[in-house]
Amino acid sequence: MKIYSGENIRNVALVGHGHAGKTTLASAMLYTAGAIPRLGRVDDGSATTDYDDEEIARKMSISVGAAVVEWGKAGVTTKINILDTPGFNMFVHEAKMVLPVVDAAIVVVDGVAGVEVVTQRVWNYCEEYKTPRLIVVNRMDRDRANAERVLESLINAFGRNVIPIELPIGSEKSLSGVVDLVRMKAYTYELGGNGKGKETEIPANMRAQVQESHEQLVELVAEGDDKLMEEFFEKGTIPEEDLIPALHNAIREDKLFPVIFSSGLGNVGADRVMDFIIDYTPAPSEHEWVQGEAPTSGNGDVPKRHESDTEPVSLYVFKTVSDAFSGRISYFKVFSGVVKNEAAMQNFRTGTLEKLSHISTMQGKTAVPVTELHAGDIGAVAKLKDTLTGDTMGDKSAPIQYPRVKLPEPAITFAIEPKSRADEDKLGPGIHKLMEEDAMLRFFRDPQTKEFLIAGTGQQHIEVTVAKLKKRYHTEVVLKAPKVPYRETIRGKADVQGRHKKQTGGHGQYGDCKIKMEPLPRGGDFEFVNDIFGGAIPKNFIPPVEKGIRDAAARGYLAGFPVVDFRVTLYDGSYHDVDSNDLSFQMAGRIAFKKAMEVAKPTLLEPVMAVEITAPDEFAGSIMGDLNSRRGRIQGMDNKAGNTIVKAEVPMAEMLTYGVDLTSMTQGRASFNMEMHHYDAVPGQLQEKIIEKAKAERGEVKEEEE
Ligand SMILES: Nc1nc2c(ncn2[C@@H]2O[C@H](COP(=O)(O)OP(=O)(O)OP(=O)(O)O)[C@@H](O)[C@H]2O)c(=O)[nH]1
Ligand SMILES: [Mg+2]
């Protein structure tokens with residue numbers, strides 16, 4: 001592969017709703033540019049960017065795939081790095097994770113469905129990152145594909161700055177090409193052909209419409225620019241050589257969002273997508289600078305870099321793959337300087353010096369070796385020692401950390417059990433490898449039940465993880481019902497004495513404490529107040545009392561869940577010169593805690609989730625009704641472009657299978673986001689049931705005698 005520098009590089013992310021055809025469009029670009037010998041298909045597992053076993057099995061993208069084309073235009077070859085992102089709602093955070101490294105997002109929309117739930121979601125991500133957008137209305141060859149209707153849904157959702165710069169010629173099975181509204185030329189294709197458009201005359205029956213659309217475009221572009229406006233008024237039009245740079249600037253500044261049309265599978269218009277990327281999306285060298293996350297030196301200045309070869313070298317790792325054979329592969333963006341093969345660089349998080357042996361450009365799963373990568377380019381390297389996604393590396397003398405992408409907390413938790421002893425040994429290491437490549441995966445042990453827990457974005461996410469564990473690490477597991485992390489607390493007060501006394505030949509044991517217990521507000525956790533005067537308990541025995549209480553609280557009172565949000569005040573006690581020791585006072589603390597719980601009106605708390613559901617308006621009623629039956633509290637409703645957005649707070653216990661239920665209720669046309677919000681008391685009539693169930697589950701773990 002040739003070496004490219006800033007002005008001849010473009011980095012784009014294909015983003016959008018699941019099934020819009022992003023992966024297929026990537027294949028069409030690769031095939032048309034001659035990077036692959038035939039157009040790879042998602043349906044037979046041959047698409048370049050969906051190469052993982054799970055992606056092939058499920059016929060959908062699960063993580064970001066990288067590909068590259070070298071596309072010649074007007075005698076100059078440009079390297080376009082394409083990052084193909086998943087559109088399924090449980091994996092769409094992958095799209096957010098690459099926005100900081102691309103110069104533009106190609107928002108792919110289905111020619112039949114128009115704007116869908118995830119289209120809106122990725123659009124919001126782009127707003128957050130101020131990512132320039134080019135909209136591709138794809139699958140225009142499908143039955144019922146309709147350019148006009150889709151344009152309307154786009155303008156409805158994203159405003160009147162959405163403007164077509166192409167119109168399709170024909171539609172459905174008779175889709176035969178596109179008209180370029182900037183250059184006023186037509187390009188025709190053979191459906192399923194080599195993808196190279198043939199320049200022809202604009203069809204006579206389209207001329208009036210094309211002229212009108214051209215004028216609308218010119219007017220909108222001129223609107224943002226006084227000089228162009230004058231020119232437009234004088235001449236009634238703007239010449240191509242002024243229009244293209246003006247459009248380029250408006251797109252870079254997020255003032256305009258141009259729309260073009262294609263069929264990835266039919267290979268119509270993919271060449272135009274590449275032309276438009278080169279003409280209209282900014283080159284890395286055009287960005288003013290890239291800012292670091294926080295100061296790295298004592299003077300408090302936040303470091304920043306131009307995306308230029310002459311700056312100190314720095315790169316940002318945006319993706320990690322744990323390959324069972326080649327080990328860890330780190331995908332990175334060079335934000336400044338030139339990265340040479342074999343270079344040594346410092347990881348600014350760990351301080352480790354890493355050697356970048358064999359840098360490459362990724363073509364799907366294939367690493368294409370390169371000798372160097374310049375500022376603005378994207379590449380990959382294998383076998384870094386301890387560099388993870390989100391890390392920044394570079395020249396030791398010029399530290400910087402680029403901002404990491406913020407993601408929500410996982411929404412669903414399962415208990416995970418190894419099938420055999422051998423599986424048990426492999427489980428931890430296997431999952432930890434998977435966590436390196438999957439930012440939304442969590443793995444931990446329940447301190448109460450000692451069970452292994454696995455958390456992720458939803459049921460399918462966890463299922464994919466289980467399948468990867470089996471395939472890559474030959475580890476088999478059983479998933480069990482997700483656990484709700486209940487807590488216990490008190491509603492009343494107590495004033496009790498805890499005395500531990502034992503006389504068994506030789507040294508005895510003696511500890512005695514008096515405590516008051518009272519509730520704290522939610523989130524208050526635990527407070528211990530020492531109110532001992534005059535040495536009723538010697539100083540060194542006070543921490544043991546606290547420890548005894550903490551230990552007992554962690555093991556719960558009602559049903560074995562940790563007790564939280566309470567204050568204990570130790571105010572009196574007594575001791576024995578010979579028999580008192582740490583252990584005796586710990587025991588006294590435990591006894592006092594139990595006695596206090598008996599009278600302080602213990603109760604259960606449950607986690608409540610903040611949920612945001614987006615669905616076509618027609619489902620609003622059934623979604624609200626369903627949330628009511630789940631003890632949900634509606635916090636608000638909003639309407640946007642034919643979608644209803646419902647915000648609610650719902651107990652976690654009622655949401656364990658929500659992803660599956662919502663999918664069947666709406667035929668997969670809704671999406672939701674869920675985050676832990678707060679703890680709230682469990683209604684009285686439910687408490688008994690939960691306590692009984694928890695006790696039954698813990699049956700074999702008998703409390704040790706005290
Ligand atoms: N008719 C038609 N079908 C297409 C076109 N592009 C893709 N498809 C089909 O639509 C389905 C989804 O295509 P993908 O390329 O996997 O869509 P995607 O946007 O990558 O989907 P996710 O990875 O799940 O987000 C596949 O069955 C494709 O063969 C197209 O232009 N026309
Ligand atoms: Mg895909």
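Trainee: Before we start, what should I know about the model and its numbering?
Mentor: This is a predicted model, in which local features need pLDDT of at least 70 and side-chain atom pairs count only at pLDDT 80 or more, while totals for chains, interfaces and linings use all residues. Residues are numbered from 1 along each chain as its sequence is written, chains are lettered from A and ligands numbered from 1 in the order in which they are written, and side-chain values use heavy atoms, with hydrogens and water left out.

Trainee: How many helices and strands are in the protein chain?
Mentor: The protein chain has 16 helices and 36 strands, where helices (H or I, at least four residues) and strands (E, at least two) are DSSP runs numbered from the N terminus.

Trainee: Are Thr23 and Ser61 buried or exposed?
Mentor: Both Thr23 and Ser61 are buried, meaning under 20% relative accessible area, with exposed being over 50% and partly exposed in between (1.4 Å probe, protein chains only). Helix α1 is itself mostly covered, with ten of its eleven residues buried, and Gly34, which follows α1, has a positive phi near 80°.

Trainee: Switching to strands, how do β29 and β30 run?
Mentor: Strands β29 (residues 494-502) and β30 (residues 509-519) run antiparallel and are joined by nine bridges; two strands pair if DSSP finds at least two bridges between them. Asp495 has Lys516 in β30 as its bridge partner, and in the hairpin, with six residues between the strands, Gly506 takes a positive phi near 65°.

Trainee: What does β30 do with β32?
Mentor: β30 pairs with β32 (residues 566-574) in the antiparallel sense over eight bridges, and Pro519 stands opposite Phe566 in β32.

Trainee: Last one, how much of the chain is buried?
Mentor: Of the 706 residues of the protein chain, 54% count as buried.
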